[in-house]
Amino acid sequence: MNPALRARNHPGYWAFLVHRVSGILLALYLPAHFWVLGLALHDAARLDAFLRWTDQPLVRFGEWGLVLLLAAHFTGGLRLLVLEFLPWREWHKGLAAVAAGVSLVLALAFALAL
Amino acid sequence: MSARREALLWAAQRASAALLALCVMVHLATMIYAVHSGLGAAQILERTRGNAAWLGFYSVFLLAVVVHVPIGLRAVLAEWLGWRGASRDWLLAAFAAALAWLGARAILGVFL
Amino acid sequence: MKTLQVRVWRGGPQGGDFQSYQVPRQASQSVLDVVTYIQRVLEPSLAYRFACRVGMCGSCAMTVNGVARWTCRTHVDQVCADGRLELAPLANLPVIRDLVTDMREFFDKWARAKGRFEGRRTRRDDFERVAPDSEARKQVDAAIECIGCGVCYSSCDVVAWNPDYLGPAALNRAWTLLRDVRESANPGRLRAVAGDAGCHACHTHLSCTERCPKHISPTAGIAGLKRAAAAAALKGEL
């Protein structure tokens with residue numbers, strides 16, 4: 001295994017990385033998301049055209065990816081609130097797995113809703 | 001003073017996180033419901049336009065986002081880009097303002 | 001495997017490289033035994049630290065196959081499935097020579113975090129009562145066994161990303177003193193450990209907790225510092 005990874009290959013570290021990367025990607029996505037919705041204000045035609053574009057399978061997959069990012073950041077965030085506000089207990093070590101599991105369930109729920 | 005500022009930013013980040021936890025649950029549930037029901041844009045806008053309750057909800061959601069996102073990026077800029085100090089904080093304040101502006105337009109467009 | 005292929009980092013502040021040695025493998029052998037063999041038999045000029053050899057002092061901490069460990073408490077079988085060992089000095093600290101790091105900044109940060117006990121009473125006063133089953137004392141007891149070995153500091157990415165970050169050990173010690181009923185330096189101590197070089201820079205990677213040979217969780221103590229700092233700031237006391 002890559003030497004840099006050997007010391008970092010534990011659940012807490014992956015949880016951090018997922019939380020940070022998902023946060024960055026969501027932060028980059030939000031302005032675009034708001035701007036598109038803002039088209040509803042005075043450029044309904046453009047909004048309609050955009051929404052037709054989102055009907056493509058690749059864009060649908062991207063939407064699912066965004067839901068996964070949001071779910072991951074959300075469950076990871078709940079885990080952090082537990083770690084920072086409740087007194088430390090050994091079972092906290094299992095929270096990373098729980099967060100991952102719940103976020104996958106949420107993403108699956110979105111995918112199956114389609 | 002760094003200690004007080006960092007402590008207050010930390011508190012604001014966790015408070016907005018707790019609020020966002022609730023908002024995100026509602027938002028995800030709504031999105032899953034909308035997709036599951038096969039609602040198109042026109043139908044969604046029919047339900048959202050003039051709806052004061054949703055307007056209120058998303059305004060709170062936006063406020064929490066505008067607090068939470070820049071504070072979150074602050075640590076990333078410092079640790080991964082080595083960018084610390086006043087200039088970074090000014091950029092983040094501008095980003096927060098931009099998010100607030102775009103978000104307000106989105107809310108007006110969808111809920112008013 | 002009868003022989004271990006051991007790569008050892010040799011060098012100084014200007015840099016260095018790994019050198020290879022072959023060490024006979026024994027049935028009951030710690031990584032410290034391996035380093036000792038290299039220095040005594042193969043390479044007299046190799047510099048490394050150890051003292052107690054029995055897992056009490058923490059002096060022998062170094063990077064073993066990429067992970068910070070105590071070499072005296074690391075059995076070769078634990079880390080060496082394929083007969084290969086890679087030894088390097090502790091990360092995040094300046095190198096003096098070979099496997100020896102300069103621990104000064106580690107202890108300087110300890111001092112900056114006010115990691116020193118400052119009591120209120122003199123020999124003329126009666127003893128302070130410390131209830132062992134109080135919540136505060138239980139929190140202190142969970143974190144008090146730190147011997148300053150540097151493994152957590154060396155395992156922390158925030159230490160690597162933020163040169164001013166006080167680090168898990170110093171903050172953990174400050175936490176034990178913050179919760180000590182006998183302490184007199186506490187409002188000032190909280191100010192010393194809060195801030196972007198203090199507890200607020202911790203992102204709960206939990207590498208410190210994962211690696212601590214004494215099974216302490218500095219993350220828990222740092223979370224306590226975060227809560228205390230927020231409470232104090234909101235009350236205008238920070």
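**Notes on the chain contacts**

1. In this predicted model, chain B and chain A bury about 2600 Å² between them, with 79% of that area on carbon and sulfur atoms. Of the area that chain B buries against chain A, 20% is supplied by B:Leu28, B:Trp80 and B:Arg105, more than by any other three residues. The contact involves 33 residues of chain B and 29 residues of chain A.

2. Polar links across this interface can be listed briefly. The count of salt bridges between chain B and chain A is 2. In a salt bridge, the side chain of A:Arg20 meets that of B:Glu79, at 2.7 Å from N to O. Residue pairs in polar contact across the interface of chain B and chain A number 3, with both residues at pLDDT 80 or more.

3. On the side of chain B that touches chain A, at least two residues each come from helices H1 (2-36), H2 (41-48), H3 (52-80) and H4 (86-111) of chain B. H1(B) gives the largest share, 12 residues. By class, the residues of this side are 24 nonpolar, 5 polar and 4 charged.

4. H1(B) also deserves attention for its contact with chain C. The axes of H1(B) and helix H10 (residues 218-234) of chain C come within 8 Å and cross at roughly 105°; the two helices are therefore roughly perpendicular to each other.

5. In that contact, B:Arg4, B:Ala7, B:Leu8, B:Trp10, B:Ala11 and B:Arg14 of H1(B) meet C:Lys226, C:Arg227, C:Ala229, C:Ala230, C:Ala233 and C:Leu234 of H10(C). The residues of the contact of H1(B) with H10(C) comprise 8 nonpolar, no polar and 4 charged.

Conventions
Residues numbered from 1 in each chain as written. Chains lettered and ligands numbered in written order. Predicted model: local features only at pLDDT ≥ 70, side-chain atom pairs only at ≥ 80, totals over all residues. Heavy atoms only, no water. Contact = heavy atoms within 4.5 Å. Buried area = accessible area lost by both parts, 1.4 Å probe. Salt bridge = Lys/Arg side-chain N within 4 Å of Asp/Glu carboxyl O. Polar contact = N/O pair within 3.5 Å; in protein donor to acceptor, adjacent residues only side chain to side chain. Helix = DSSP H or I, 4+ residues; strand = E, 2+ residues; numbered from the N terminus. Nonpolar A, V, L, I, M, F, W, Y, C, P; charged D, E, K, R; others polar. Axes fitted to C-alpha atoms, helices over the stretch in contact; angles between N-to-C directions. Parallel < 35°, antiparallel > 145°, perpendicular 65-115°, else oblique.
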